[in-house]
Structures are given as structure tokens and as C-alpha cells.
Amino acid sequence: MVRGMSYQKGILFIGKEHLANCSNDKGKQFTVLQKVTVPTLFKVGKQAFFSMPLWYHFTLSLIILLTLVPRIFQFLFNTTWVGIPLFTLIFFLIGTHFWFPKELKKYHGAEHKVFSYKGTISIRNKNKIKEAEITNRHCSTNSILLYFVIVFLLFPCFLLFSKFTIIKGIDIAAVVAVVLWPFTSYWINRSKVSFLQRFILKGSYWLQRNVTTAEPDDHHIMTAIRAYRKLALKEFPKKVLTMKERVTMAIADVTVIPIGTNTTSVSSVVAEIHRVLEDTEKEIKYELTPMSTIIEGELSVLLEIIKEIHEVPFKLGINRVATNVRIDDRRDKIVTMEDKRNSVQSKMNSMK
């Protein structure tokens with residue numbers, strides 16, 4: 001199952017083993033595919049956190065200062081003031097979901113539309129995707145709404161059956177709801193929908209339409225498409241390629257050789273070539289090998305991208321370039337780079 005996350009500068013989709021992150025910064029767009037690891041998740045989490053506007057960081061810092069620091073002082077020095085209620089911090093961190101900045105709302109809407117669209121996720125279908133439903137059955141809004149419902153239900157219980165004050169009752173309810181949250185989130189996002197789930201989802205859909213999303217512009221939709229396709233082409237390509245695309249898919253083995261340079265190393269040229277491949281809007285897959293670069297895509301697209309990377313050394317000031325190209329264009333069946341590797345591997349395994 002693919003999960004998505006929107007933030008102030010872009011969108012990422014997480015699959016079984018990889019995550020694809022498409023972000024926009026200073027007028028440039030960057031799309032990156034990475035293995036799902038703890039460092040990778042930490043890195044994209046940090047990117048999302050620091051993309052939030054200044055008011056968010058200022059308010060969060062102030063609330064942390066007024067909630068946690070006094071409690072630390074009370075523990076160490078036995079002071080009397082414990083700061084503002086702890087639920088202030090919890091409600092801010094969770095409740096911020098309901099006052100997303102404008103750009104984040106649009107990225108969130110684009111993410112939902114990609115999930116809602118039933119056709120092929122492709123740039124050529126951009127306008128159709130833009131018209132798709134803006135609500136998502138598995139949106140995090142479900143869990144956020146459910147959290148506050150749990151707090152609302154727990155609060156009177158703590159107040160009626162204990163000696164807690166109102167503030168203390170809300171504090172305890174907020175903390176207990178956090179503990180219960182993972183279990184209730186799993187329940188609300190199950191495929192089978194009960195009456196109570198339908199009630200929560202109805203409220204979630206209203207919030208998604210009116211509070212947590214906004215109709216995306218073209219560049220928000222393009223960001224969502226590029227991130228989704230980057231992941232899909234790696235993990236489930238047959239679901240994002242039309243039959244026409246599948247039949248005309250070809251694989252090219254490309255080596256760009258700069259001639260007449262002052263060094264025997266070509267790594268800087270290769271790095272620049274892969275930056276071009278990473279930033280391209282063209283629908284391709286590519287891999288760097290020790291001797292060449294393998295690119296997969298529609299034949300006409302391959303020829304265009306080969307021309308682009310052939311020009312890279314010239315833009316770096318090199319006056320002569322030799323580019324070797326081998327193209328495997330099979331029309332009788334769908335064959336991807338991964339299919340070819342798996343075919344060889346299965347034959348090697350059968351020989352053992």
C-alpha cells in the first residue's frame with residue numbers, strides 16, 4: 001500500500017521499499033527516489049518540518065518553553081509553577097493539521113487527487129487528475145479527528161470519577177488519547193467500514209474538503225504526479241503505464257565520453273548527467289552502472305533525453321564528446337530492466 005505525505009514545499013509517497021520525494025525550492029523542482037531507511041525518513045521529516053512557516057516554529061518554540069521547561073525546573077529545584085497545561089503542546093502539534101498554510105493545503109489536495117484518480121497516473125492525464133475527488137479514504141485527517149473525539153469522550157469520565165480539575169482532566173485525557181491513538185488509527189483505516197467509522201469519515205471528508213485541502217494549481221498536480229510515478233516506476237510499473245506505453249518501452253545503454261580533457265576522471269561529467277536525469281520531467285527510469293548509464297522509457301523520449309545528456313559535457317566547456325548508444329526495443333512483449341535481471345537470475349538459480 002502506498003502512503004502519501006504533503007508538506008509546505010512538496011509531496012512524498014512511500015511504498016514497500018522506497019520513497020519518492022518531489023519538492024519545489026526557489027523555482028526549481030527536485031525529484032528523488034530513495035530506499036526507506038531510518039536515516040532517510042529522518043531526513044525527509046526534517047525537510048518537511050523546516051519547510052513550515054516562521055509563525056509555526058516561533059509558536060511551537062514558545063509553547064515548548066512554557067510547558068516543558070517549568071516542569072523540568074519543578075523536578076530539579078522543586079519550584080511551584082509547572083507552566084501552562086501540557087495539553088497546549090499536544091493540541092498544537094496535532095491540531096496544526098486543521099490550519100495548514102496555503103501551499104500545504106494545495107499540495108495536500110494534489111496528493112488526494114492522485115490517490116482518487118482511477119486511470120493511469122501520467123502527465124498526459126494531468127487535467128483529468130485535477131478534476132478527481134479531493135477527499136481520501138485513508139487521509140491522516142481521519143486519525144486527527146478521531147483523536148479529538150477520544151479526548152472529548154475521555155474528559156468527562158476523568159472529571160466525573162476523579163478529583164481532577166478541568167485543566168488536569170483535559171491534560172490526562174490528552175495524554176491517554178495519544179496512547180490509544182495508534183490503535184484507533186488502525187481501526188478507522190481498516191477496509192471494512194462500520195456505522196461508527198462512517199460517522200467519523202463523514203466528518204473527515206467535510207474537513208478535507210473545507211479545511212485541510214485546497215484546489216491545487218498545475219504545479220501542485222505535476223509535483224504529485226512526478227513523485228507518484230517515480231515510486232510507481234520502481235515498485236509497480238505496470239500499474240502506471242498504459243498499454244501503448246508498455247509496448248513502446250525501450251532500454252538504452254548510454255556512455256558519454258568527453259575527449260581532450262586535462263584529467264582521466266569523468267565522474268564530474270557523469271554526476272552532472274545524472275543531475276539532468278534526476279531533474280527531467282520526462283517519464284523515464286535510469287540506473288548508473290560502473291561503465292554506463294541504463295535508461296528505460298518510450299523510444300521517442302529516450303532519443304530526446306540522450307540528446308540532452310550528450311550536450312552536458314559541451315555545457316561544461318568540453319569541445320569534443322563521443323557518445324555510445326545501444327538500444328533494446330522489443331515490441332512483442334513488455335520487458336523492463338527489472339524483468340531482464342529477474343529472467344537471468346531465475347536461470348542462474350535453476351542451474352544450481
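Visitor: Which strands does helix α12 lie across?

Guide: In this predicted model, helix α12, made of residues 299–315, lies across β5, β6, β7 and β8, and the direction of α12 is at about 140° to β7.

Visitor: And what order do those strands have in their sheet?

Guide: The order is β6-β7-β5-β8, in an open sheet of four strands whose pairing is antiparallel. Because β6 and β8 (320–328) stand at the edges with a single partner strand each, one side of each is left without a neighbour in the sheet. Direction ignored, neighbouring strands of this sheet are turned by 20° against each other on average.

Visitor: How many bridges hold β5 and β7 together as a pair?

Guide: Strand β5, residues 249–259, and strand β7, residues 293–298, pair over six bridges in the antiparallel sense. One place to look for this on the structure is Asp253, which stands opposite Ile294 in β7.

Visitor: What about α11, which strands does that one lie across?

Guide: Helix α11 lies across β5, β6 and β7, and its direction is at about 160° to β6.

Visitor: Switching topic: what is the strand order in the sheet that contains β1?

Guide: That open sheet has four strands in the order β1-β2-β3-β4, and the pairing is antiparallel. Its edge strands are β1 and β4, each of which pairs on one side only, while the twist from one strand to the next averages 10°.

Visitor: How many bridges join β1 to β2?

Guide: Five bridges join these two strands, which run antiparallel, and within this part of the sheet Arg3 stands opposite Ile14 in β2.

Visitor: Which helix lies across β1, β2 and β3?

Guide: That is α4, which lies across β1, β2 and β3 (18–25) and runs at about 160° to β1.

Visitor: Now the helices by themselves. At what angle do α3 and α6 cross?

Guide: The axes of helix α3, residues 86–95, and helix α6, residues 140–160, cross at roughly 150° and come within 10 Å. The two helices are therefore roughly antiparallel to each other, as an angle over 145 degrees counts as roughly antiparallel.

Visitor: Which residues meet there?

Guide: From α3 there are Ile90, Phe91, Ile94 and Gly95, and these meet Ile144, Tyr147, Phe148 and Val151 in α6. Sorted by class, this contact of α3 with α6 has seven nonpolar residues, one polar residue and no charged ones.

Visitor: How many cavities of 30 Å³ or more turn up in the whole structure?

Guide: A search of the whole structure finds one such cavity, and the largest cavity has a volume of about 160 Å³. The residues lining the largest cavity number 15, and the closest to its centre are Arg226, Lys230, Thr280, Lys282 and Glu283.

Visitor: Where does the largest share of that cavity's lining come from?

Guide: Helix α9 gives the largest share, five residues. At least two residues of the lining of the largest cavity are supplied by each of α9 (218–235), α11 (267–279) and β6 (284–288), and by class the lining residues divide into six nonpolar, two polar and seven charged.

Key:
Residues are numbered from 1 along each chain as its sequence is written. This is a predicted model: local features need pLDDT of at least 70, side-chain atom pairs count only at pLDDT 80 or more; totals for chains, interfaces and linings use all residues. Side-chain values use heavy atoms; hydrogens and water are left out. On a 1 Å grid over the protein atoms alone, a cavity is a set of points where a 1.4 Å probe fits but cannot get out, and a pocket is an open set with protein on both sides within 12 Å along at least five of seven lines; lining residues have an atom within 4 Å of a point. Grid points are joined across faces, edges and corners, and a volume is the space filled by probe spheres set on the points. Ala, Val, Leu, Ile, Met, Phe, Trp, Tyr, Cys and Pro count as nonpolar, Asp, Glu, Lys and Arg as charged, and the others, Gly among them, as polar. Axes are lines fitted to C-alpha atoms, for helices over the stretch in contact, and angles run from 0 to 180 degrees between N-to-C directions. Angles under 35 degrees count as roughly parallel, over 145 as roughly antiparallel, 65 to 115 as roughly perpendicular and the rest as oblique. Contact means heavy atoms within 4.5 Å. Two strands pair if DSSP finds at least two bridges between them.
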